[in-house]
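Subject: Structure for you to look at

Hello,

Here is the structure I said I would pass on. Please open it beside this email and follow along.

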Amino acid sequence: MTDRRTRMRRTMLEREAELAVVDEALGQLVGPQATEGGTLLAFSGPAGLGKTTLLAEIRRRAHTHNCTVLSARGGEQEQSQPFHVARQLIQPPLARTSEHELRSALGSWYAIVGPALGLCAPEPGGAPPDPQGLRDGLDWVLTHLAVQRAPMVLVLDDAHWADPESLGWLAGFAPRAEHLPLLLVVAYRPDELPTEAEAFRTLPGRAGQRPLALEPLTAEAIGTLVRETVGDHADDAFCQEAWAVTSGNPFEAVELTAKVRDRALAPVESSAPLLRDLAAAQRGSGLVARLHSLGPSTVRFAWACAVLGTAIPQELAARVAALGTEEAVDATDRLRHARILSGAGSGDDGEGLEFVHPLIATALYRAIPDALRVALHGKAAAAVVDAGLGPSAAARHLLETHPESDPWVVRTLRAAAGENLLAGAPDAARRQLARALREPPDFDERAAVLYELGCASLLTEPANTVNHLRAALAEPFDDPALRQGIVIRLAQVLAHSDRLAEASEALAREIPHTPDARNRLRLQSEQFMWDAFRADEPDSPARSRRLAKLADRLPGRDLTERYVIGLRAWDATLRGEPVDLVLHHARRALGDRFSWAEPDRGFEVPVLVALTHLYADRPGRAEELFEAGTAEFERQGWRGAHLSFAYSLRAYVRFRRGRLAEAEELSRAGLRLAERVGRRTPVHWYAIAILIEVLLARGRADEAWELAQEHEYGEPFPAAVVFPDSQTVYAELLLARGNTKAAAAELEAVGRRLTPRGIQNPSWCPWRLHLARAVAAEDPERARALAAEALRQARAFGAPSGIGQALRFAAEVVPAPDRIPLLTESVRLLSASPAGYELACAQAALGAESADLELLARALLTARACGADGLAATLTNTLLSLGGTLPCGPAPAEALTGPERAAAACAAAHPQADAAEAGEAVEVDPVLSSAYLKLGTDHSGLRDALAALPDG
């Protein structure tokens, strides 16, 4: 950042209080009483009160304390240039670092933050990071720098003019300063601070300081300033008038005294009346008149500089002003002598020219005749492109021009938008594409611009995205690939806006008019996918039949075919088709590689394939897939909805495995990310539902209820199918609170919603089992019928965990003599499954029903290992009341032990016992049972699970 040198003084007047606060903050950072963290200091005040001078003094003092100093300044003309301030801050300390060193230092963040910071070009064809992911990356980079180059002072001047992307990031980062060896100092004009920087007004900082408002100088201070410039002989009346005409504004006072000195005006009372006219010449029309007195070439050069903004290369300004090199040098000298410009005339120091004060730049810019100002921006756009500064630098100028049907303008704006979208600045890309649309583009290019505009506004303005994409489809154009891309993106944004029926209809309208078979299959796969999430699908069974017929004949040659096969696996899971068939299709879908971050596809199908493994009692494999998907999201910088889904669903996998403490940690991480996306969004429903399930399993029903109330979890439920089913989870919560009638009403509604769609699998949604429990007291016969039907469906699916759960629920609603056989089979099946929490529940129920102290003790150990604290407490009381002793010993090892591995290998080498398949009470060895839990599989998956071990 360039200092405004002409306004620097050796001493500062009446800023002792502010500097005392600065010294205290620096002392906390580097002095003998230094703490581990820094703070935020914010200085506010109108233009000209000395904010820049104060910040320069802060930088000087920071350097004397051997601090690393990062500086940046917002610019009135650069506000539309994304990450302009962030680049000023972070580029300099990394400028001399080679690409190899940068990649090594930044790791996975390199490809995410590099394009935003101008450190590297975006990867061609790559997917853009979401804005939140990019902010997280910038947080990481600045945190890394602050720690590696501590102590650090970061100074931002004219924050009110910082670009929105940088300002929003820094405002969010500011609270971290207290936990880092970092002093963050900002200065701004309070009346011009945008909403994204409100944090600077409200953050108190470590010392409890609110923003410090700079006050105008007193008459005494202005007198001192006058006498420093014109001599001690300046009389009091002259100095008093200087204070009056400048209103105590330091900048105006400095400029006024310089003019007094240049004109050799006697600083006496008789000259005082002349000061008002001199002061007027410094601003507004007076400044403009003074500029015009310097000659037409100098005026053109000054106007060119005003259009270009800050750090102005002299050669560039000369080209915009249509001046030769010598004329530009002369103009620069005249403007420097007139105290309008400062900085290196040649730009050899890399800083370029600056206006002495932003007030001057603003006044001159606004004085340019409108038509000429527009023309100068057009010339500036061409000049920066020719200078090799790229389309993004030109775009801010083109935004200020009038439409003229210029193809070059459209191309440049589209190129800039593409760069900004890949750099993580979709709002900037949206502004540029909207301007390109007004140019307007050529007739055959309009649809493409509308499509790109829809892509740019996808995250921030979904309703407008729909309008742009529908308008694009209405355009006459002959590009099948573009048309397919528009339709797919339109369906995506409709689906993500909870308008799944419209998404399906948009695809259905296009499919019959798509002649190419492969393109038609792609559109069909998208329609099948969104229909799978529709809760109001009119004829789900018919769709399932069409999907099965199509998927069963596809060999899986490409990604589209494998997506269709993956959707077939998921549909079979929901409908409760045999688990072997489900897994067969899931394996076909995965193939050799199944990325979660394909640039032109969503992540929904990979998620569904992973969940298919989960419900089919392969949670270990599901977790592998989720971990790989999460890593892909993080590498892409997708840290909003994508990462929230990943964390929440990984939590659900841990929940189903009975690792409840880990599940709670992951689900809370998913909820934190979902909160950043927005409440009552699909990702928020997932996060809340899964955390409620985990809390209920841990025995914290009251906390789960408070969570539901806090997040307004309840009616109306989402139109999309989510897992676990939101309404069913809400009914479970009501049951846990003893509100059986309300729970039954919710579960009846779930049945009316799912049954017509053919969704019958209780492993996915055990609504019948919960309804059986809810109505058992008032209608025991119906409760038994519901539980029996759910058990029949669970056996048809064939996952041991689902059958075991259904058996346990069924035992709750049958007469006492019939309970032990059901619970015995439940324990046997669950002990050969990866469902640890369900096993603990079944062991507890059987142990209590049979008063078996040994089984109760095993149940207690299982509950402890799962983190099921509520169940463990209940079992402890039961054991003690029956005269038993509490089991003790170390917690089971997390890794597979030698005996467990041997038992698993032996079991994998032999088919399941005929007696076990017939449902007889065959005990499962506890060592083998533990292996099932740790490997995350049932018996049929043992061989694959063992083969996947590092040394297996």
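The largest nonpolar core has 220 residues. A nonpolar core is a set of buried Ala, Val, Leu, Ile, Met, Phe, Trp, Tyr and Cys residues joined through side-chain atoms within 4.5 Å. Buried means under 20% relative accessible area, exposed means over 50%, and partly exposed is in between (1.4 Å probe, protein chains only). The residues with the most contacts inside this core are F301, F355, I692, F723 and W764. Helix 34 (residues 682-697) gives the most to it, with 13 residues. Apart from this core lies another, of 47 residues, including L106 and M152.

Before going on: this is a predicted model, in which local features need pLDDT of at least 70 and side-chain atom pairs count only at pLDDT 80 or more, while totals for chains, interfaces and linings use all residues. Residues are numbered from 1 along each chain as its sequence is written, and side-chain values use heavy atoms, with hydrogens and water left out.

Leaving aside neighbours within four places in sequence, F723 is in contact (heavy atoms within 4.5 Å) with ten residues listed here: F533, W570, V607, L608, L611, Y615, L649, Y686, I690 and W764.

Now the overall picture. The protein has 48 helices and seven strands. Both are DSSP runs numbered from the N terminus: helices are H or I with at least four residues, strands are E with at least two. Of the 952 residues, 58% are buried. The C-alpha atoms fill a box of roughly 115 × 70 × 55 Å along the principal axes. Among contacts between residues at least 6 apart in sequence, 68% join residues at least 24 apart.

Five strands form an open sheet in the order 2-3-4-1-5, with parallel pairing. Two strands count as paired if DSSP finds at least two bridges between them. Strand 2 (68-73) and strand 5 (212-213) are at the edges with a single partner each, so one side of each has no neighbour in the sheet. Strand 1 (residues 39-44) pairs with strand 4 (residues 182-188) over six bridges, and L40 stands opposite L184 in strand 4. Helix 6 (residues 131-148) lies across strand 2, strand 3 (152-157) and strand 4, and runs at about 130° to strand 3. For that angle, axes are lines fitted to C-alpha atoms, for helices over the stretch in contact, and angles run from 0 to 180 degrees between N-to-C directions.

Is helix 38 (residues 767-775) mostly covered or mostly exposed, and how many of its residues are buried? Helix 38 is mostly covered, with eight of its nine residues buried. Among them are W767, R768 and L769. The cover includes helix 36 (726-736), helix 37 (740-754), helix 39 (780-797) and helix 40 (800-813).

Last, R659 and a cysteine that touches it. R659 is in the loop between helix 32 (641-657) and helix 33 (660-677), and is partly exposed because its relative accessibility is 27%. Beyond neighbours within four places in sequence, R659 contacts R654, C866, L933 and K934. C866 is buried, with a relative accessible area of 6%. The count of disulfides (pairs of cysteine sulfur atoms within 2.5 Å) is zero. For C866, the nearest cysteine sulfur is that of C841, 8.3 Å away.

Regards
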